[in-house]
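Please read the following report alongside the sequence and the coordinates.

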Amino acid sequence: MGALLEIRDLTTTVKGEMGSYDVLSGVSFSIEQGETVGIVGESGCGKSMTALSVMGLLGKNAAVRTGQALFDGKDLVRLDERELDSVRGRMIGMIYQDALSALNPVFTVGNQLTETMRAHLDVSRAEARARATELLGRMGLADPAATMKKYPHMLSGGQRQRVMIAMALCCSPKLLIADEPTTALDVTVQAQIMRLLREEREASGMSLWLISHDIGLIAQTCDRVLVMYAGQIIEQATAEELFAHPAHPYTEMLLRSVPRVDGAREALCSIAGQVPARYGEMVGCRFAPRCPYACQACQRSQEMYTVGESHAVRCHCAAGKEAAV
Ligand SMILES: Nc1ncnc2c1ncn2[C@@H]1O[C@H](COP(=O)(O)OP(=O)(O)OP(=O)(O)O)[C@@H](O)[C@H]1O
Ligand code: SF4
Ligand SMILES: [Mg+2]
C-alpha cells in the first residue's frame, strides 16, 4: 500500500529578534494508510512545528523553507489557503495541543461542530446535529445535548479537549493528527479516548499521527515510532523494535527516564541538560553536549544510518561505524 502522507526533507524557519533560524531540519518520514505513527521527544524538539508546517498553520513569523508534504498526491506545502481549507478538517483532522485557542470563542460547541460538517459533507443541519451530539456522547461528555449549547469558555480544560477531538473526527478524516490529545485528561478518560481513536481507526481505516511526551501511550498505540531531537528525526523503527532495541543514545536515555511497572529497570534517570536554543545553527551532532559517548567524530553532522529492517538512526556510533577522527 502506498504512503498516505510522505514528508520529504522538511525545513522550517522562524524569524526571531536575533534573526532567522531553522526549527526543523530535513524532516522526512511517511505514514501509510491505516498506520499509527508516533513522534516522541522532549519539549521544544519540533514535534508540533512538524504538524503545523504540514497543515499550513504556521504563524506569521514562521515558514517552510524547503521540502514537501505529499498527501494523496498533493504537496500540502504548495497549496494556497483555499485548497488547504478543503483538505483540513475533511481529509486531515487535527487535535491541537492548545484546545482553547483552537476553538472559536464566539460560537457554541454545537454550532462549530455542525458548521464544520456542513462545510465539508453533504448533510442536513439536523443530520449534522445528530452526529455531533452522538460524537460528544462517545467522547464521555456526560450531557452531550447541554454541551452542544455551551461556548468554549464554559467548559473545563478536559471537556474542551474532548470537544476538540470530536471536531477532528466529525468529518471522518483519512488522517488524524493528534498533538498531545490526552494530556489534559485524567487517566480514565485518557483510556476511553484512546480506545475511541483505536475503534475509529479500525472502523474507517484512518491513519493516526500521534504526538506525545508520553512514551507509554506511544508504546501502547503505535505501529511505528519516530524520535525527534532538536528539529531532526534521530531514530525511527517499528514500535516493537524501538522499545526492545533503542539504538540512539538519546532514545535509550529517554526510555530509561520512564518508570516501568514491571520493575525491569532499576534506576530512573533523567537526561542531564536541555534541548539547546537555536539548535538549527549547530554544527555536528545536536545531542553531543548531553551525550556520554560524544567523541571527536560527533562534531560532524550526522546522517541517518540503516541499522536493521525499517530501523534507522542518526548516530555513527550506534550504527557501528568507526569514528573517522
Ligand atoms: N511561533 C513560534 N515562533 C518562534 N519559535 C517557535 C514558535 N513556535 C515554536 N517555536 C520554537 O520551535 C521549536 C520547536 O517547538 P515545538 O512547539 O514544535 O516543540 P514541541 O516538540 O512540540 O514541544 P512540546 O512538547 O513542549 O509541545 C522550539 O524551539 C520553539 O521555541
Ligand atoms: S553522534 Fe556522537 S554525540 Fe551524537 S548521539 Fe551519537 S555518540 Fe552521541
Ligand atoms: Mg508541541
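## Arginine 201

Arginine 201 lies in helix 8 (residues 187-204), where helices (H or I, at least four residues) and strands (E, at least two) are DSSP runs numbered from the N terminus. The model is predicted, so local features need pLDDT of at least 70 and side-chain atom pairs count only at pLDDT 80 or more, while totals for chains, interfaces and linings use all residues. Residues are numbered from 1 along each chain as its sequence is written, chains are lettered from A and ligands numbered from 1 in the order in which they are written, and side-chain values use heavy atoms, with hydrogens and water left out.

Arginine 201 is buried but has no salt bridge, and the nearest side chain of opposite charge, that of aspartate 223, is 4.3 Å away. Buried means under 20% relative accessible area, exposed over 50% and partly exposed in between (1.4 Å probe, protein chains only); Lys and Arg count as positive and Asp and Glu as negative, His and the chain ends not being counted; and a salt bridge is a side-chain nitrogen of Lys or Arg within 4 Å of a carboxyl oxygen of Asp or Glu. The side chain of arginine 201 does reach the backbone oxygen of glycine 34, at 2.9 Å.

## Aromatic pairs

The structure holds 4 aromatic pairs, a pair being rings of Phe, Tyr and Trp (its six-membered ring) with centres within 6.5 Å, where planes under 30 degrees apart count as stacked, over 60 as edge-to-face and the rest as tilted. One of them joins phenylalanine 29 and tryptophan 209 edge-to-face, at 5.3 Å centre to centre and with 85 degrees between the planes. Phenylalanine 29 lies in strand 2 (residues 19-32) and tryptophan 209 in strand 8 (residues 207-211), so this pair ties together parts that are 180 residues apart in sequence. Phenylalanine 29 is buried, with a relative accessible area of 4%, and tryptophan 209 counts as buried at 0% relative accessibility.

## Salt bridges

Across the whole structure, a search finds 13 salt bridges. In one of them the side chains of glutamate 42 and arginine 290 meet at 3.0 Å, N to O; glutamate 42 lies in the loop between strand 3 (36-40) and helix 1 (47-54) and arginine 290 in the loop between helix 11 and strand 11, so the pair ties together parts that are 248 residues apart in sequence. Arginine 290 is buried, with a relative accessible area of 10%.

Arginine 138 forms a salt bridge with glutamate 200, the closest N and O atoms being 2.8 Å apart.

Notes:
A polar contact is a pair of N or O atoms within 3.5 Å; within protein, one must be able to donate a hydrogen and the other to accept it, and residues adjacent in sequence count only if both atoms are side-chain atoms.
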